[in-house]
Amino acid sequence: MTEDDQVDVRDDDELLTIGAFAARARLTAKALRLYDRLGLLAPARVDETSGYRYYRAGQVDRARLVAMLRQLDMPLARIAEVVETGGAEGAELLAAYWAEAEGRFAARRTLAEYLRGRLSGRNSEMYEKFEVEIVDVPEQVIITETRHVLADELPSWIPAALGRLEEAAGACGGATGAPFVAYHAEVSMESDGPAESCVPVADAAAARAWAAAQGRSRRIEVKVEPARRLASTRISKAQVAHPQIIAAFEAVEAWMKREGWEYDGPCREVYFADWDAAGPEDPVCDVAFPVRRG
């Protein structure tokens with residue numbers, strides 16, 4: 001006789017064998033063993049001799065809830081949080097997760113549309129939407145914070161890092177230009193850069209003193225960036241989101257190739273507007289590549 005075949009064991013707590021409980025919860029015994037292993041639903045009792053699992057009838061609702069949450073592809077830690085919290089607060093946690101999931105799906109839908117355009121040969125039509133120009137930037141002292149980061153971490157890391165640097169600029173003679181983020185290698189869901197947040201400042205000596213006081217908790221540096229010539233295009237707040245911004249980078253690269261410019265440093269995003277105050281269609285960022293004549 002197997003564990004699943006055991007007859008119901010009833011006591012004051014109405015203990016059920018795993019087979020009886022699985023039938024009542026409309027799940028399989030295999031699923032229940034998985035939930036136990038994942039820490040989402042433990043048996044009420046495990047027989048020390050036989051190893052058979054017994055569940056209380058009152059655990060049925062939790063078992064069904066876990067099963068349905070798993071159908072939403074919710075991470076295990078968040079499932080546990082929702083189940084343990086329950087009630088209105090648990091519902092809010094679920095709503096927050098689903099809003100994030102819908103955002104991810106919307107981003108994938110946009111990427112799919114973009115890739116359809118590339119595969120069908122409509123690249124030039126997409127690139128024509130971007131106006132590219134050459135911008136000269138003088139030599140400048142910059143304070144920087146560098147981090148290895150994946151694409152989905154950028155929306156939180158960029159404003160946090162630039163915020164820290166802009167706050168520190170006061171101790172470095174003040175900011176002298178728009179903050180920017182330089183990408184030293186590909187940043188995607190498979191590649192983590194690194195990316196470097198940068199703020200131009202007025203006083204190199206003060207900046208070095210500030211950086212020395214930071215220790216090594218973050219990858220903080222002070223650099224003198226040489227004068228640059230940038231091939232640049234301006235984009236709106238809505239276009240900054242990944243993957244929409246990919247089209248802007250590729251449009252600039254296509255323009256560079258067509259006009260005979262070569263790469264002269266890591267590409268960058270220059271943030272010149274108040275992000276929080278800007279609307280979706282307001283220009284907020286320049287996508288740029290340092291260039292030189294071939």
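1. The lining of the largest pocket in this predicted model comprises 27 nonpolar, 6 polar and 12 charged residues. The space within this pocket amounts to about 1600 Å³. Of its 45 lining residues, Ala151, Leu154, Val240, Ala241 and His242 lie closest to the centre.

2. Several elements of secondary structure contribute to that lining. Helix H5 (87-119), helix H7 (154-168), helix H10, strand E11 (267-271) and strand E12 (283-293) each provide at least two residues. The contribution of H5, at 10 residues, is the greatest.

3. The second largest pocket has a volume of about 330 Å³. Its lining consists of 19 residues, and those closest to the centre are Val135, Val137, Leu230, Val270 and Asp286. By class, this lining divides into 9 nonpolar, 5 polar and 5 charged residues.

4. Strands feature in the lining of the second largest pocket: strand E4 (132-137), strand E9 (228-236), E11 and E12 each supply at least two residues. Here E9 gives the most, with 4 residues. E11 and E12 also each supply at least two residues to the lining of the largest pocket.

5. In soluble globular proteins, nonpolar side chains tend to be buried together.

6. Setting aside neighbours within four places in sequence, Ile143 is in contact with Leu165, Ala168, Ala169, Cys172, Ser197, Cys198, Val199, Val201, Ala207, Trp210, Glu221 and Val222.

7. Which residues of helix H3 (residues 60-70) are buried? They are Val60, Ala63, Val66, Ala67 and Leu69. The elements that cover these buried residues include helix H1 (18-25), helix H2 (29-37), strand E3 (53-56), helix H4 (76-85) and H5.

Technical notes:
Residues numbered from 1 in each chain as written. Predicted model: local features only at pLDDT ≥ 70, side-chain atom pairs only at ≥ 80, totals over all residues. Heavy atoms only, no water. Contact = heavy atoms within 4.5 Å. 1 Å grid on protein atoms, 1.4 Å probe; cavity = no way out; pocket = protein on both sides within 12 Å on 5 of 7 lines; lining within 4 Å. Points joined across faces, edges and corners; volume = space filled by probe spheres on them. Nonpolar A, V, L, I, M, F, W, Y, C, P; charged D, E, K, R; others polar. Buried < 20%, exposed > 50% of the residue type's maximum accessible area, 1.4 Å probe, protein only.
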